[in-house]
Amino acid sequence: MSEELSLYSRLGGYDAIAAVSENLVGRLMADPLLGRFWANRSDDGIRREKQLLIDFLCQSAGGPLFYTGRDMKTSHKGMRISEPDWSAFMTHVNATLDHFGVPALERGQVIAFVESTKSDMVEAFSLGRRTRAKWRKPNRSCDMALGVYSAEAISIEIPPTQHVRCLQNSAP
Ligand code: HEM
């Protein structure tokens, strides 16, 4: 197919991009590391997010759609997406592109576009220093707001894989 066509057209237009988005989000939600980002969200919230993802990808690929969602930095800030999360995410992007047999040229362009958003998604944070600071304070003052402090320390200290294990253990 001619390279003059938009990436949107070469990928197969709206229906193809919607099918890719659906497949990708299903894989992300089922992933033991990434599933925590979609835990306890309403069905409608997830439907809304899928539609926004479709619109965003269609518009970014040059399609006749107008994305009405938030920018990538605003919508992902505070989720604490880490480097391992990003690697797992990209593994699923590749698996989805394999699933649909996306040709090499378009595949490379999709991957390059997704990678171009990485700096808006992945947040740098230090586990050790913040955790120690949180623990030192109640010990020094003997003001036992320990419930609060331990909750904060745990949420910072436990690596993502163990978070998932905690979520799985607490599932009914
Ligand atoms: C590890 C990587 C990622 C994770 C864990 C993740 C997770 C999420 C979650 C949980 C939401 C819902 C936010 C909310 O309702 O407040 C969301 C929204 C969204 N994500 Fe991601 N995301 C990732 C990467 C990406 C990438 C690479 C793209 C696009 C190339 C993308 C596009 C979007 C869009 C368009 C929305 C909707 C924004 C809005 O609500 O206005 N995400 N993401």
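Analyst: Keep in mind that this is a predicted model. Start with helix H5, where Asp85, Phe89, Thr96 and Leu97 are buried. Seen down the axis of H5, its buried residues fall within an arc of 110 degrees, so they line one face of the helix.
User: Which residues are exposed on the other side of H5?
Analyst: Glu83, Ser87, Ala95 and Asp98.
User: What span should H5 have?
Analyst: H5 covers residues 83-99, which is 17 residues. At 1.5 Å a residue, they should span 24 Å. The end C-alpha atoms are 24 Å apart, so that agrees.
User: And what follows H5?
Analyst: Gly101, with a positive phi near 60 degrees.
User: New topic, the ligand. Which residues come nearest?
Analyst: Of the 18 residues around the ligand, Phe56, Gly69, Arg70, Ser75 and Phe89 come nearest. Phe89 is also one of the buried residues in H5.
User: Which helix gives the most to that shell?
Analyst: H3, with four residues. H3, H4 and H5 each supply at least two.
User: What classes of residue are in the shell?
Analyst: There are 11 nonpolar, four polar and three charged residues.
User: Last one, Pro64. Where does it lie, and is it buried or exposed?
Analyst: Pro64 lies in the loop between helix H3 (43-60) and helix H4 (72-76). Pro64 has 10 other C-beta atoms within 10 Å, so it counts as exposed; the cut-off is 12 or fewer.
User: How far is Pro64 from Tyr8?
Analyst: They are 56 residues apart in sequence and 8.9 Å apart in space, C-alpha to C-alpha.

Methods
Residues numbered from 1 in each chain as written. Predicted model: local features only at pLDDT ≥ 70, side-chain atom pairs only at ≥ 80, totals over all residues. Expected span 1.5 Å × (residues − 1). Buried ≥ 20, exposed ≤ 12 C-beta atoms within 10 Å, placed from the backbone. Arc of directions from axis to C-beta. Near = placed C-beta within 6 Å. Nonpolar A, V, L, I, M, F, W, Y, C, P; charged D, E, K, R; others polar.
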